[in-house]
Amino acid sequence: MRPEDRERALRELDRVLGAAGYRPLAAPLTIGGVPFDVTRAYAAGAGFLDLVIVVDATEGSSKQFQRGYWLIERIARALDQAESRRPLTVVVLHDEAAARVNTEDFLRLGRVLLLTDPARVEVELAPMLPIVLEPTAEAFADPLEDLLKRHSGGQDGSSKAALIEAAKASAESVESALLGWIEGAFAEKGATDDGSSA
């Protein structure tokens, strides 16, 4: 990766992770009082614990990649000693030719994401970005309003309407309205049986 591409990739990292709620951590990164010289470090936003470390392997050399691994290994050990619950994500900036470099050692320490192209930062970091679901349909009409329209007429229309209106408030309101409806029916039945009204 050319130096200008590296700088573009870092700017894109700042933009994409910032928009996803990650905040950049001041350099040097300090864990348990031990400072670490990292290319970039980010902490996830509220409600998440992720720690993201950027490793520069843009030269594509195995020596640079090995130095990056040793750095991450020391950071992982410091997190363990500090009894941190932060899961570790390693973003490796690298040259296309380094894509075949073995990342198995890194995977023992945390999640690894490879970044080769500044234009693909959002795509290559997708596994650590929050999922935003777009609405796929219009909001449905209020089902209680629909019931009210269909059942407010007829002989028991007012009682049904009262029951549906009660459903908008709470389950207790529904229970109270239903009991009132039943008691009203018995009162009318009793009045008819004793002949006091027809």
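Let's start with a space. About 190 Å³ lies in the largest pocket. Keep in mind that this is a predicted model.

Which residues line the largest pocket? The lining is made up of D37, V38, T39, V54, V55, D56, Q64, R67, G68, W70, L71 and R74. Two elements, β5 and α2, each give at least two residues to that lining. Which element gives the largest share? That is α2, with 6 residues. As for how such a space is found, rolling a probe the size of a water molecule over the atoms shows where empty space is left.

Now the overall layout. The protein chain has 198 residues, and 31% of them count as buried. It holds 7 helices and 7 strands. Reading from the N terminus, the order is α-β-β-β-β-β-α-β-α-β-α-α-α-α. Take contacts between residues at least 6 apart in sequence: 52% of them join residues at least 24 apart.

On to the sheet. It is open, it has 5 strands, and the order is β1-β4-β5-β6-β7 with mixed pairing. Which strands sit at the edges? They are β1 and β7, residues 111–115, and each pairs on one side only.

Let's walk across it. Strand β1, residues 23–24, meets strand β4, residues 40–43, through 2 bridges, and the two run antiparallel. Here P24 stands opposite Y42 of β4.

A43 faces L51 of β5. Y42 stands opposite V52 of β5.

Then β5 to β6. Strand β6 spans residues 88–94, and it pairs with β5 in the parallel sense over 7 bridges. V52 has T89 of β6 as its bridge partner. Further along, D56 is partnered by L93 in β6.

Stay on β5 for a moment. How many of its 7 residues are buried? The count is 7 of 7, so β5 is largely enclosed by the rest of the structure. Here is the background: in a regular strand the side chains alternate between the two faces of the sheet. In β5, L51, I53, V55 and A57 lie on one side, and V52, V54 and D56 lie on the other. Those residues are all buried, and both faces of β5 are covered.

What lies across these strands? Helix α1, residues 3–19, lies across β4, β5, β6 and β7, and it runs at about 10° to β4. Helix α2, residues 62–81, lies across β5 and β6, at about 160° to β5.

D50 is in the loop between β4 and β5. Is D50 buried or exposed? Its relative accessibility is 15%, and the cut-off for buried is under 20%, so D50 counts as buried. Beyond its neighbours within four places in sequence, D50 is in contact with Y22, Y42, A43, A44, R86, P87, T89 and R111.

Compare E83. This residue is in the loop between α2 and β6. E83 is exposed, with a relative accessible area of 71%. Its backbone deserves a check too. Most residues other than glycine have a negative phi, and most peptide bonds are trans. E83 is not a glycine, yet its phi is positive, about 55°.

The peptide bond from A27 to P28 is cis, with omega near -10°. P28 is in the loop between β1 and β2, where β2 is residues 29–31.

P28 also shows up in the contacts of P35. P35 belongs to strand β3, residues 34–36. Leaving aside neighbours within four places in sequence, P35 is in contact with P28, L29 and T30.

Last stop, helix α6. It has 13 residues, 157–169. At 1.5 Å a residue, α6 should span 18 Å; its end C-alpha atoms are 19 Å apart, which agrees. Which residues of α6 are buried? They include G157, A161, I164 and A166. On helices in general, an α-helix has 3.6 residues a turn, so residues three or four places apart point the same way.

Definitions and conventions:
Residues are numbered from 1 along each chain as its sequence is written. This is a predicted model: local features need pLDDT of at least 70, side-chain atom pairs count only at pLDDT 80 or more; totals for chains, interfaces and linings use all residues. Side-chain values use heavy atoms; hydrogens and water are left out. Helices (H or I, at least four residues) and strands (E, at least two) are DSSP runs, numbered from the N terminus. The expected span of a helix is 1.5 Å times one less than its number of residues. Buried means under 20% relative accessible area, exposed over 50%, partly exposed in between (1.4 Å probe, protein chains only). Two strands pair if DSSP finds at least two bridges between them. Contact means heavy atoms within 4.5 Å. Axes are lines fitted to C-alpha atoms, for helices over the stretch in contact, and angles run from 0 to 180 degrees between N-to-C directions. On a 1 Å grid over the protein atoms alone, a cavity is a set of points where a 1.4 Å probe fits but cannot get out, and a pocket is an open set with protein on both sides within 12 Å along at least five of seven lines; lining residues have an atom within 4 Å of a point. Grid points are joined across faces, edges and corners, and a volume is the space filled by probe spheres set on the points.
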